[in-house]
Amino acid sequence: MKIIHYLHERKLRARPLNRPYTRASLEIDDTDQLTVISFSDCHDRPADETHIVNGCSRFFIADLQDVALVNVQNDSAFYAHMLWDITHQMPAGGKLYIRETIACETLLERSYYRDAFEEITGAGADVRVYLKRRPLAASRDKGLTQWSFCIPVGPEEPTFINACVERILQLDIAEKEIILCGTPHPDFRFFKQVRIVGQDIPAPPVHITRKKNVLVQAARYPNLCILHDRVLLARNFYQAVQRFGDDYPMTGFQSFYFTDQYNLIPRKYSDFNTIEQDLTKELSITGVTQKDTSLISKLFYCYQHPARSQFGHDYLTGSLYLCKKSVWQHAPQNEQLYWNDYEDIEHGIRCSYEGIPTIINPWSITQSMNARSVIHYYGYVAVKDYRGSKKMSRCCLEMLPFIPKKPLFRLSDEQARNFIYHFANKYGASKETLLCISSSAMSGLGRFLLIKRVIKEIKVRLDETSEFLRDFSRWILCEDMAPNELVRVTRVMNSSASPATKKSMLVGCFILNNQLSHSWFFSPFYKKNDDWFIRKRRIISINNFISACYLKYFYRGAYFPMSLREVARLLNDSTPYQSERGSNGTECRRDH
């Protein structure tokens, strides 16, 4: 018998529970093939191994045959991660003994495990015994050498998709493929290096769930990296997945967006979240449709700390998934839902309902080249810190108005003026205002004052409310409102409130003022299509080190188990640097 004792990392502040056991109390045959794993102490024999773990830990154990898990589910929030790793390492024919002081459902009854494990008799009354009949789905996709990179795309200007694909091509992976779902812009630079599928999927609305499922179906390789075109992988991607290990569940990287042009203002952006309520108690998780999105929008969710876990509540936010093809096919995305229908929440919670946990690989990061303003609250994001407390967190440098910011929108100044002009003309603004639009400054403050002037003059009939709000989102906000805010705005617009009250509500709506907070003095629109990228200069290396120090030691929602120098290198290796342009106008991106 081999005994392995796990301890929670002290910074997690996990409450220690005194549930000691003895070998005799296990009521299991003591054989050389048995490995006992627990967060509790064994009274009559010291542990052969002791390990300290957190939510990013993998549980790899050599020469597993039969395994006894003692009070693992009672004692640890990481029980789903441990069960995943242990069951994938066990050979067919191995036995898994589960003993819990407080009887509870075992995840082996969930659909992912059900066909591979069979409950049998042969131990004490307090011990459940399972025989592994066959390999689990992820084990049939063994190996980390072959990767399919799957990207849903649209016909938008191709700056981001060019940079995203170029980085993938630079990765040191011998066997890889890149698949796009959708029709990219004609100026996309890598048609010969990619496969394109799903060009018949209609839009709008963006059927993102269908696109991701089609990409997975088309993938030739067992390891999938499903990512959006604004995501830039770090150069150590392959080393990171090797270091993390095989047979991984639904996995993500920590993701950050730098709002400024100097890599000084990092913001956590779209990676790993947790939802407060148990969604399976709120609705039928296997039958979610668009009518359920209003309920989901009312629930509380925030960024989960990578070192923590709350199985059944954690989910990846959709920007990037690492998973085995067989695992995705076991729990594909719900095609009843479209983009902005909280499809990421539904998918993540349904995966856990099936028995599949979610985890962060801490050995690499990604950077987002662009960001939606609805993801933050005046620069703040809601996070759970290392101890599990909910905090509103932002970089202190967010308050400095003079640091040049990246564009907020994938639009030029002229396109934005055309949008505002079209909106103002359609809804009856004066000729003087229409003339003013063409020459107005498009800084954050200048744009806000222009919108305020337009809103003051327009007239909207009550029967035009739905069309007006669609136009307001498209031409004024330049992005969709969050569903819960759209409901609130629609209710006011359809009410008996005075026109002045309605106009005041539009000018004061959260999303517009949140956009203004991005930058008062710099334009939220681009002048050149590489304005999102950082110009490589000596000071950037210093700034990367400063940001690495902040993220590693002071930021509440990040976890970096490597040295400060390695974190700074990750920031450098995931930063979108500007291209050089040759004399013929073609792009020649430098390696950094």
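This is a predicted model: local features need pLDDT of at least 70, side-chain atom pairs count only at pLDDT 80 or more; totals for chains, interfaces and linings use all residues.
Seven strands make up an open sheet of mixed pairing, in the order 3-1-2-4-5-7-6. Strand 3 (49-53) and strand 6 (117-120) are the edge strands; each has a single partner strand, so one side of each has no neighbour in the sheet. From one strand to the next, the twist averages 25°.

Strand 6 and strand 7 (residues 127-132) run antiparallel and are joined by four bridges. Glu119 has Tyr130 in strand 7 as its bridge partner.

## Helix 2 on the sheet

Helix 2 (residues 79-89) lies across strand 1 (2-8), strand 2 (34-38), strand 4 (66-70), strand 5 (95-99), strand 6 and strand 7. The angle between helix 2 and strand 4 is about 170°.

## Helix 5

Helix 5 spans residues 208-218, and nine of its 11 residues are buried, so the rest of the structure largely encloses this helix. The buried residues are Ile208, Thr209, Lys211, Lys212, Asn213, Val214, Leu215, Val216 and Ala218.

## Helix 10

Helix 10 (residues 343-354) has 12 residues. Its first and last C-alpha atoms are 16 Å apart, close to the 16 Å expected at 1.5 Å a residue. Gly355 follows helix 10 and has a positive phi, near 110°.

Helix 10 is largely enclosed by the rest of the structure, because 11 of its 12 residues are buried. Buried here means under 20% relative accessible area.

Technical notes: Residues are numbered from 1 along each chain as its sequence is written. Side-chain values use heavy atoms; hydrogens and water are left out. Helices (H or I, at least four residues) and strands (E, at least two) are DSSP runs, numbered from the N terminus. The expected span of a helix is 1.5 Å times one less than its number of residues. Buried means under 20% relative accessible area, exposed over 50%, partly exposed in between (1.4 Å probe, protein chains only). Two strands pair if DSSP finds at least two bridges between them. Axes are lines fitted to C-alpha atoms, for helices over the stretch in contact, and angles run from 0 to 180 degrees between N-to-C directions. Contact means heavy atoms within 4.5 Å.
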